[in-house]
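Subject: Structure for you to look at

Hello,

Here is the structure I promised to pass on. Please open it first, then read my notes below.

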Amino acid sequence: QVHLVESGGGFVQTGGSLRLSCAGSTTDYNFLDMGWYRQAPGQEREMVATITLGGVPNYGDSGKGRFTISRDNTKKTIYLQMNALMPEDTAVYYCNAYAWRPGQRGTYWGQGTQVTVSS
């Protein structure tokens, strides 16, 4: 009943930019906090940025000062603008949503989108 679909990943050189999108859909849930997480091969999944329903952002250390998270509640979509990309940013980026409906709440994940930054 909750689906998250990421897009916007791709290949970029060091210093380039990408804009990721995560389109949410649901029949009867309400999206609360949402965010972006990433996972590189052999690494733990880490928080990149989160954003509350009211639009208050929180950033992990890795992308702080370079990344900007935003959301469009009408479209149930969040975005991640990534600037000044570095090879260390190479990872699969996952969309996350905390969703609620009367009597039920949970955390949901998208399938991920690959970001590759080359030197």
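**Charged pairs**

E46 and R38 form a salt bridge, with their closest N and O atoms 2.8 Å apart. Keep in mind that this is a predicted model. Side chains of opposite charge can pair when their charged atoms come close.

The two partners sit in different surroundings. E46 counts as partly exposed, because its relative accessibility is 30%. R38 has 5%, under the 20% cut-off, so R38 is buried.

R38 also meets the side chain of D89 in a salt bridge, at 2.9 Å from N to O. This pair links distant parts of the chain. D89 lies in the loop between β8 (77-82) and β9, while R38 belongs to strand β4 (residues 30-39). They are 51 residues apart. D89 is buried too, at 1% relative accessibility.

These contacts belong to a network of salt bridges that links R38, E46, R66 and D89. Elsewhere, D61 pairs with K64, and their closest N and O atoms are 3.3 Å apart. D61 is exposed, with a relative accessibility of 67%. In total, the structure holds five salt bridges.

**The disulfide**

How many disulfides are there? The count is one. It joins C22 to C95, with an S to S distance of 2.0 Å. C22 is in strand β3 (residues 18-26) and C95 is in strand β9 (residues 91-101), 73 residues apart. The torsion about the S-S bond is about -80 degrees, so this disulfide is left-handed. C22 is buried at 0% relative accessibility. C95 is buried as well, with a relative accessible area of 0%.

Best wishes

How values were computed:
Residues numbered from 1 in each chain as written. Predicted model: local features only at pLDDT ≥ 70, side-chain atom pairs only at ≥ 80, totals over all residues. Heavy atoms only, no water. Disulfide = S-S within 2.5 Å. Helix = DSSP H or I, 4+ residues; strand = E, 2+ residues; numbered from the N terminus. Buried < 20%, exposed > 50% of the residue type's maximum accessible area, 1.4 Å probe, protein only. Salt bridge = Lys/Arg side-chain N within 4 Å of Asp/Glu carboxyl O.
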